[in-house]
Amino acid sequence: MDDYSYPYKDAEFIINELIGFDEMCEEGGLDDVNSELLSAILEEAGRLANEVIAPLNVVGDQHGVTMDEKGVREAPGFADAYRQFVDNGWPSLPFDEKYGGQGMPKLLGTAAEEVWQSSNLAFSVCPLLTHGAVDALEKHGSEELKSLYLPNMISGEWTGTMNLTEPQAGSDLAAINCRAVSEADHYRVTGQKIFITWGDHQMADNIIHLVLARLPDAPEGVHGISLFLVPKFLLDENGQPGERNDVHCVSVEHKLGIRGSPTCVMAFGDKGGATGYLVGEPHRGLLAMFTMMNAARQSVGLQGLSLSSRSYQQALAWAKERLQGTRSDGTRFPIIDYPDVRRMLMLMKSGTEAMRGLAYLAAAEIDRSRLASDPQQAIGHEARVELYTPIVKGWLSELAQELTSYGIQIHGGMGFVEETGSAQHYRDARITTIYEGTTGIQANDLIGRKILGDNGEVLAGLLQEIQVTAKDLNGVEGLSDIGRALQQGADAGAEAMRWLIGEAKENRDVAGAVGVNCLMLLGYVCGGWVMGLSALKAERLLVAGDGDEAFLKAKQVTVRFYCEHLLPRAGACLASVKAGPESMMALSEEQF
Ligand SMILES: Cc1cc2nc3c(=O)[nH]c(=O)nc-3n(C[C@H](O)[C@H](O)[C@H](O)COP(=O)(O)OP(=O)(O)OC[C@H]3O[C@@H](n4cnc5c(N)ncnc54)[C@H](O)[C@@H]3O)c2cc1C
């Protein structure tokens, strides 16, 4: 069975050397936060993950969740692990101190999240959803709702959920049917939601559901949806969980992966209506929910990285142990000596390092947008966050499908059977391209809102920065081939953008037909950018004789591999983009 260990060296290199954590915190006025504190926090997170949370990964997968008269029962050990997670203060790490949070940067929270996700994805989605619910409530809730609910959600005593999906309303939220009618100081919410993650469990004293529903006078479509807070237990006069609300889990799904996390069918209002409270303005619920979804989308991208990284660790250990081949002296050698196994390991290593770089860079942009003293700068950072979000969600989760599959391939037949745990990482990763909006939906967001929406202005700014990095690499002996590859990638990005802006006006099918290829192209190029920056930084440190020489040299080789084997895929994506929708849309339904 595999052991788990967070890749501290790579993470700290990205956070400290690439992003400049200390400078970021200092400029943002976070005087007490620095890289030393970051290391200590990650070390502690790693300890809890290793000793308590990771060992439950297989338990959750094999045991799954059950239902009894109290509702959903989580897998054995989960409740105790969650208690320790809460008692150690982990849920409150990145939140506002006003409501009991610790006020730590998002970047630090993201690194800690990688620890939880890679140790046990099914467990980690519970705090992830609470996190998103807190974000939405903080931004859109009334002062009364915030003071009643946020402290216990931030501490993790109560967990949160996200209730969007209904049988007829998946990607198309305009079709939502759940209803809410006003009654005294609250609303009565009725209807059914499906696929609700951690919709019920016994690990916390209360569960706070954020639910999309329609008011009686609501206009049709997405502009007629409102957001409601519906607690599992109504609060008594002391603000403590009291009477049971009319919301229940009626069944749980049996599924391919993340089996330790309950996926619930939720019934609201079987006995007349669940008591709910409006969050934000009537009919503007989707906007409020987007606060939650955007945070969750970056986190789901991070899940792709986390599982790829754990799968890599395990495959690497196997490749060093598994003997298949005999030397001329009669001794047997491990499979890591085979170039093809090296190829797969290097794809996994370089892919995960590029994913980590991009995910952390995007998290740092969230911090910068919050910490900037100049409002114009804050807007610039916010625009980058918006652009990165679908790329982080889409590219990281899609690449995870390939990388976790190599994790199995490296194990040979032992990867296909469940014993090694490698198969679980692959199965768990499969959901990441589906929930929080499928890759197709991320591509629609990227193309429609983030590229065509501003005529490519924010993307053009990013591509220019990438070109500057390519030039910097060109000027360093030994790194110019990396610079050339990055330049080609950035040129492919610019060409795809120009083509798209030109063609999308003429043909309605263009945006939808080329979106995913465009997203993947930009993912490979952004990944190449952080890798290029890493090679430059490693070079500076090597010249200065500063840092771990073996790590820095390995980083440069890993960057080179990425530029030779993953970055060129941007060119193939460009060819697909420029092929446009014609052959895709040519067949009649009957011809399929
Ligand atoms: C394990 C699990 C946990 C989940 N957790 C939650 C949760 O906590 N809360 C919640 O509300 N929901 C949750 N979901 C639901 C999840 O978000 C949806 O499954 C997802 O958004 C896709 O919707 P759908 O399943 O209806 O697929 P559909 O919308 O039917 O999509 C089917 C296919 O059509 C494509 N498609 C649909 N519309 C478009 C379009 N406009 N453009 C291009 N392609 C399109 C999709 O990309 C996909 O390939 C969960 C689902 C699962 C399986």
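I started with Glu 243, which is exposed at a relative accessible area of 61% (my cut-offs: buried is under 20% relative accessible area, exposed over 50%, partly exposed in between, with a 1.4 Å probe and protein chains only). This is a predicted model, so local features need pLDDT of at least 70 and side-chain atom pairs count only at pLDDT 80 or more, while totals for chains, interfaces and linings use all residues. Residues are numbered from 1 along each chain as its sequence is written, and side-chain values use heavy atoms, with hydrogens and water left out.

Still on Glu 243: I found it in strand β9, residues 241–244 (strands are DSSP runs of E, at least two residues, and helices runs of H or I, at least four, numbered from the N terminus). Leaving aside neighbours within four places in sequence, Glu 243 is in contact with Lys 232, Phe 233 and Leu 234 (contact means heavy atoms within 4.5 Å). I also checked Glu 243 against Gly 527: they are 284 residues apart in sequence and 50 Å apart in space, C-alpha to C-alpha.

Next, Gln 556. I located it in helix α18, residues 549–565. A polar atom of its side chain lies 3.1 Å from the backbone oxygen of Ala 535. Not counting residues up to four places away in sequence, Gln 556 touches Leu 479, Ile 482, Ala 535, Ala 538, Glu 539 and Leu 542.

Then I looked at phi. Most residues other than glycine have a negative phi. Ala 184 is not a glycine, yet has a positive phi of about 50 degrees. I placed Ala 184 in the loop between β4 (179–183) and β5 (186–197), where it counts as exposed at 75% relative accessibility. Glu 436 also has a positive phi, near 60 degrees. Glu 436 lies in the loop between α13 (422–429) and α14 (439–451), and at 12% relative accessibility it counts as buried.

Last, a helix pair. I have α1 (residues 8–18) packing on α3 (residues 35–53) at an angle of about 150 degrees, with the axes 12 Å apart (axes are lines fitted to C-alpha atoms, for helices over the stretch in contact, and angles run from 0 to 180 degrees between N-to-C directions). That makes α1 roughly antiparallel to α3, as angles over 145 degrees count as such, under 35 as roughly parallel, 65 to 115 as roughly perpendicular and the rest as oblique. The contact uses Tyr 8, Glu 12, Ile 15 and Asn 16 of α1, and Ser 35, Leu 38, Ser 39, Leu 42, Glu 43 and Gly 46 of α3.

Note on methods
A polar contact is a pair of N or O atoms within 3.5 Å; within protein, one must be able to donate a hydrogen and the other to accept it, and residues adjacent in sequence count only if both atoms are side-chain atoms.
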